[in-house]
Amino acid sequence: QGQLVESGGGLVQAGDSLRLSCAASGRTFRWLRMGWFRQAPGKEREFVASIVWSRGRTYYADSVKGRFTISGDNAKSTVYLQMNSLKPEDTAVYYCAAATTLSTWNNWGQGTQVTVSL
């Protein structure tokens with residue numbers, strides 16, 4: 001199924017934008033869905049956004065609706081997260097995930113750090 005590898009994180013100022021990318025190394029695999037999660041220091045990992053390829057539908061956490069956009073290409077096992085109007089509370093390690101079912105996430109990336117300063 002390949003290892004998921006995230007890229008695009010970095011240090012930005014509040015109000016800036018970043019685009020995260022996630023691609024599977026090695027053989028591509030058609031997932032049922034792919035998504036992004038994040039974990040801030042001292043907090044649990046939380047859902048950010050996901051896309052169900054067969055439905056063509058996207059889902060977002062309330063905290064990022066209207067600011068973040070998920071997109072990608074399932075044939076290439078890639079997913080992106082466009083993050084606009086970033087806030088300091090968006091600071092976290094962002095993880096890419098992929099799933100073959102709707103009930104669990106099967107594959108996780110190593111994460112990429114996003115830091116938003118005032």
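This is a predicted model: local features need pLDDT of at least 70, side-chain atom pairs count only at pLDDT 80 or more; totals for chains, interfaces and linings use all residues.
Q: Is Arg67 buried or exposed?

A: Burial is read from relative accessible area, and under 20% means buried. Arg67 has 10% relative accessibility, so it counts as buried.

Q: Which residues is Arg67 in contact with, leaving aside its neighbours within four places in sequence?

A: Arg67 is in contact with Gln82, Met83, Asn84, Ser85, Leu86, Lys87 and Asp90.

Q: What order do the strands of the open sheet have?

A: The open sheet here has four strands in the order β1-β3-β8-β7, and their pairing is antiparallel. Its edge strands are β1 (4-7) and β7, each of which pairs on one side only. From one strand to the next, the twist averages 15°.

Q: How many bridges pair β1 and β3, and how many pair β3 and β8?

A: β1 and β3 pair over four bridges in the antiparallel sense. Leu4 stands opposite Ala24 in β3. Between β3 and strand β8 (residues 78-83) there are six bridges, again in the antiparallel sense. In β8, Leu81 is the residue that Leu20 stands opposite.

Q: How many bridges join β7 to β8?

A: Six bridges join these two strands, which run antiparallel. Gly72 stands opposite Val79 in β8. The strands β7 and β8 form a hairpin with four residues between them, where Ser77 takes a positive phi near 50°.

Q: Does Ala23 count as buried or partly exposed?

A: Ala23 is found in strand β3. With 31% relative accessibility, Ala23 counts as partly exposed. Ala23 stands opposite Thr78 in β8.

Q: What does Ala23 touch, not counting residues up to four places away in sequence?

A: Ala23 touches Gln3, Leu4, Val5, Ser77 and Thr78. A separation can also be read in two ways, along the sequence and through space. Ala23 and Ser7 are 16 residues apart in sequence, and their C-alpha atoms are 8.7 Å apart in space.

Q: Which residues does a disulfide join?

A: A disulfide is a covalent bond between the sulfur atoms of two cysteines. In this model the count comes to one disulfide. The bond joins Cys22 to Cys96, with an S to S distance of 2.0 Å. Cys22 lies in strand β3 (residues 18-24) and Cys96 in strand β9 (residues 92-99), so the pair ties together parts that are 74 residues apart in sequence.

Q: Why is the disulfide of Cys22 and Cys96 called left-handed?

A: The handedness is read from the torsion about the S-S bond. For Cys22 and Cys96 that torsion is about -75°, so the disulfide is left-handed.

Q: Are Cys22 and Cys96 buried or exposed?

A: Cys22 counts as buried at 1% relative accessibility. Cys96 is also buried, with a relative accessible area of 0%.

Q: How many aromatic pairs does a search of the whole structure find?

A: Aromatic pairs are read from the ring centres and the ring planes. The search finds three aromatic pairs. For Phe37 and Trp105, the ring centres are 5.3 Å apart and the planes are at 85°, so the pair is edge-to-face. This pair links distant parts of the chain, 68 residues apart: Phe37 is in strand β4 (residues 33-39) and Trp105 is in the loop between β9 and β10 (107-108). Both Phe37 and Trp105 are buried.

Q: Which residues do ring pairs link into a cluster?

A: The cluster consists of Phe37, Phe47, Trp105 and Trp108, linked by ring pairs.

Q: Where does the charged end of Arg45 sit?

A: A charged end is placed by its distance from a ring centre. The charged end of Arg45 sits over the ring of Tyr95, 3.8 Å from the centre of that ring. That charged end of Arg45 also sits over the ring of Trp108, 4.6 Å from the centre.

Note on methods:
Residues are numbered from 1 along each chain as its sequence is written. Side-chain values use heavy atoms; hydrogens and water are left out. A disulfide is a pair of cysteine sulfur atoms within 2.5 Å. Buried means under 20% relative accessible area, exposed over 50%, partly exposed in between (1.4 Å probe, protein chains only). Contact means heavy atoms within 4.5 Å. Two strands pair if DSSP finds at least two bridges between them. Axes are lines fitted to C-alpha atoms, for helices over the stretch in contact, and angles run from 0 to 180 degrees between N-to-C directions. Rings of Phe, Tyr and Trp (its six-membered ring) pair if their centres lie within 6.5 Å; planes under 30 degrees apart count as stacked, over 60 as edge-to-face and the rest as tilted. A charge sits over a ring if NZ of Lys or CZ of Arg is within 6 Å of the ring centre and within 35 degrees of the ring normal.
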